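Trainee: I'd like to learn how to read ligand surroundings and cavities in a model. Could you walk me through one?

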Amino acid sequence: MYKGTSASAGIGIGTAVIVEEAELVIERREIADADAEIQRFKGALERTIADTERMAQDLATRVGEKEAEIMQGHMMLLSDPMLTGEIENAVRNEKVNSEIAIENVCNMYADMFASMGDELMQQRATDMRDIKTRMQKTLMGIQSVDIAALAPGSVLVAKDLTPSMTAGINPANVVGIVTELGGRTSHSAILARALEIPAVVAVTGFLSGVRDGDEVVLDGSSGDVYVNPDEETKKLFTGRQSQFMEEKKELEKYIGRPSVTKDGVRVEIVANIGKPEDVEKVLQYDGEGIGLFRTEFLFMDREAMPTEDEQFEAYKKVAEAMDGKPVIIRTLDIGGDKEIPYMGLEKDENPFLGYRAIRFCLDRKEDIYKPQLRALLRASAYGNIRIMVPLVTCIEEYRQARALVEELKGELDSKGIPYKRDIQVGIMVETAAASLIADIFAKEADFFSIGTNDLTQYTMAVDRGNKKVSYLYSTFNPAVLRSIKHIISCAREAGIMVGMCGEAASDPLMVPLLLAFGLNEFSMSASAIPRIRKLVTEYSVAELQAVADKAMSFATAAEIEQYMKEFLGC
Ligand code: PEP
Ligand code: MG
């Protein structure tokens with residue numbers, strides 16, 4: 001058995017088709033006529049752009065706008081005058097053929113992106129290498145492997161899948177994907193999930209253990225992959241496959257149903273998004289609103305800050321699409337693990353304890369915070385927008401943010417610009433300090449949303465990204481659970497809404513406890529909504545009180561988790 005990283009859920013059983021792109025041999029040639037060579041390059045560039053545009057359109061109609069964006073990103077790279085200008089300069093100054101000029105310039109950028117270390121930049125490096133090869137192949141008249149023509153029942157096996165290869169996949173024929181490289185958040189993994197094809201990535205050494213035509217079984221949830229499995233294994237996975245399909249069908253029934261417990265307690269099951277395009281999936285999975293719009297994604301992967309108008313358009317689009325349902329938009333949360341190169345932030349010694357989120361925004365009121373708050377207020381005229389302030393630790397931070405909102409309301413009034421007059425301004429409760437004084441915050445903030453990803457990190461004093469101490473990073477730790485319970489009871493006492501937008505809100509083992517504590521709103525990635533709604537409808541809050549009391553009587557995270565597993569029968 002091979003083990004990789006799960007990239008897209010489901011069981012795939014089929015025949016291995018190894019897709020190896022022929023290694024391109026790029027030879028250096030001296031050229032005599034630079035102008036003619038540049039024309040040759042421009043012709044190939046145009047054809048590559050046209051192909052990319054076709055792929056983007058195909059993806060937009062077949063899969064979705066969001067997925068098509070990956071190809072639009074390639075178009076942006078291909079149309080970047082700096083990149084193409086450098087290639088032309090290399091041809092002219094070094095008197096070399098276009099293939100080698102492309103090779104050198106694109107590799108230089110790809111290496112630069114890759115060396116930046118962060119995941120987004122790694123993806124940019126992959127994209128740069130992808131367009132490089134496509135331009136070179138167009139110049140050399142080499143056809144790419146036609147993935148669209150794979151036979152039914154194929155398990156696609158490759159060293160790595162470029163986004164343009166994945167974009168050509170016909171999900172009716174490809175039953176699984178296994179790659180040696182890649183990660184859960186690589187663009188090809190995102191596309192596999194969008195196409196709902198089971199996929200396992202980062203399977204070390206897989207290509208040396210599999211041949212074309214071998215039978216392959218993969219479990220996209222656990223990351224397990226078998227080559228020519230014995231009958232028993234095959235039977236086991238065939239069973240799991242039908243179970244997965246049945247479950248999926250069963251969960252679809254929960255789309256359109258109310259999120260009400262057996263004893264009539266209604267909660268809201270809403271979604272976390274990062275871009276306006278994500279709303280498509282929220283509507284598809286019947287999200288009852290947006291519980292967290294992480295606005296920093298609007299600021300990432302670009303050269304300069306989005307203007308107030310650009311932000312206004314993005315927020316308005318989400319508010320309108322959600323058609324009156326609550327849309328909680330979090331103000332910029334950068335710093336920590338989220339860097340934005342053009343903001344010119346210095347590297348903090350302890351980024352998670354430093355210049356981050358509201359601390360940064362209050363320091364950059366004029367150029368960053370006010371334009372964002374103004375855009376949010378203006379967009380609030382088009383739907384049910386609520387503003388959420390991240391990472392607060394003391395009431396002064398909340399008061400300052402709120403005062404800015406009031407100041408900007410006055411400004412908009414004087415200009416006759418409409419906005420939602422009673423717009424709510426709430427906070428994320430995600431630091432130990434905010435939790436301890438949740439009663440103080442509850443008197444002033446309009447709502448709470450518990451950010452368990454950070455709350456766990458700050459309560460346990462454990463960096464959420466550090467593998468060496470990840471054994472301590474558990475929301476089931478009694479310290480974190482007590483904190484959550486306390487925050488919810490402070491909110492309920494003050495009569496304000498309390499939600500949760502950290503990953504714990506969609507953990508089936510956590511949901512019964514959160515219902516018992518009295519959480520009003522659960523926010524998660526859109527595809528998790530039907531599963532959690534089903535769970536909510538299966539319990540009554542009254543019966544869960546005893547379960548929560550028992551869980552809270554244990555001394556360790558492991559005991560609590562085990563107890564919840566037994567309770568849920570898993
Ligand atoms: C959290 O901290 O739980 C949260 C939802 O915010 P982020 O993961 O963006 O820090
Ligand atoms: Mg957070």
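Mentor: We'll go through the ligand, then the cavities. Keep in mind that this is a predicted model.

Trainee: Fine. Which residues are closest to ligand 1?

Mentor: Begin with the shell, meaning residues with a heavy atom within 4 Å of the ligand. Here 14 residues surround ligand 1, and the closest are Arg294, Arg330, Gly451, Asn453 and Arg464.

Trainee: Next, polar contacts. Which protein atoms lie across from the oxygen atoms of ligand 1?

Mentor: For these you look for N or O pairs within 3.5 Å. Arg330 has a polar side-chain atom 2.9 Å from an oxygen atom of ligand 1. Glu430 also puts a polar side-chain atom by a ligand oxygen, at 3.0 Å.

Trainee: Which elements give two or more residues to the shell around ligand 1?

Mentor: Those are β10 (290-294) and α17 (452-460). α17 provides the largest share, three residues.

Trainee: Now the cavities themselves. How many are there of 30 Å³ or more?

Mentor: The count is two. The largest cavity holds about 80 Å³ of space. It is lined by 15 residues, and Arg294, Arg330, Glu430, Asn453 and Asp454 are the closest to its centre.

Trainee: How does that lining divide by class?

Mentor: The lining of the largest cavity has three nonpolar, four polar and eight charged residues. Again α17 supplies the largest share, with three residues.

Trainee: What about the second largest cavity: how much space lies in it, and which element gives the most to its lining?

Mentor: About 50 Å³ lies there. α7 gives the most to this lining, with three residues, while β5 (174-179), α7 (187-195) and β6 (199-201) each supply at least two. Among the lining residues are Asp160, Leu161, Ile177 and Val201.

Trainee: And by class, what does the lining of the second largest cavity have?

Mentor: Seven nonpolar, four polar and one charged.

Notes. Residues are numbered from 1 along each chain as its sequence is written. Chains are lettered from A and ligands numbered from 1 in the order in which they are written. This is a predicted model: local features need pLDDT of at least 70, side-chain atom pairs count only at pLDDT 80 or more; totals for chains, interfaces and linings use all residues. Side-chain values use heavy atoms; hydrogens and water are left out. A polar contact is a pair of N or O atoms within 3.5 Å; within protein, one must be able to donate a hydrogen and the other to accept it, and residues adjacent in sequence count only if both atoms are side-chain atoms. Helices (H or I, at least four residues) and strands (E, at least two) are DSSP runs, numbered from the N terminus. On a 1 Å grid over the protein atoms alone, a cavity is a set of points where a 1.4 Å probe fits but cannot get out, and a pocket is an open set with protein on both sides within 12 Å along at least five of seven lines; lining residues have an atom within 4 Å of a point. Grid points are joined across faces, edges and corners, and a volume is the space filled by probe spheres set on the points. Ala, Val, Leu, Ile, Met, Phe, Trp, Tyr, Cys and Pro count as nonpolar, Asp, Glu, Lys and Arg as charged, and the others, Gly among them, as polar.
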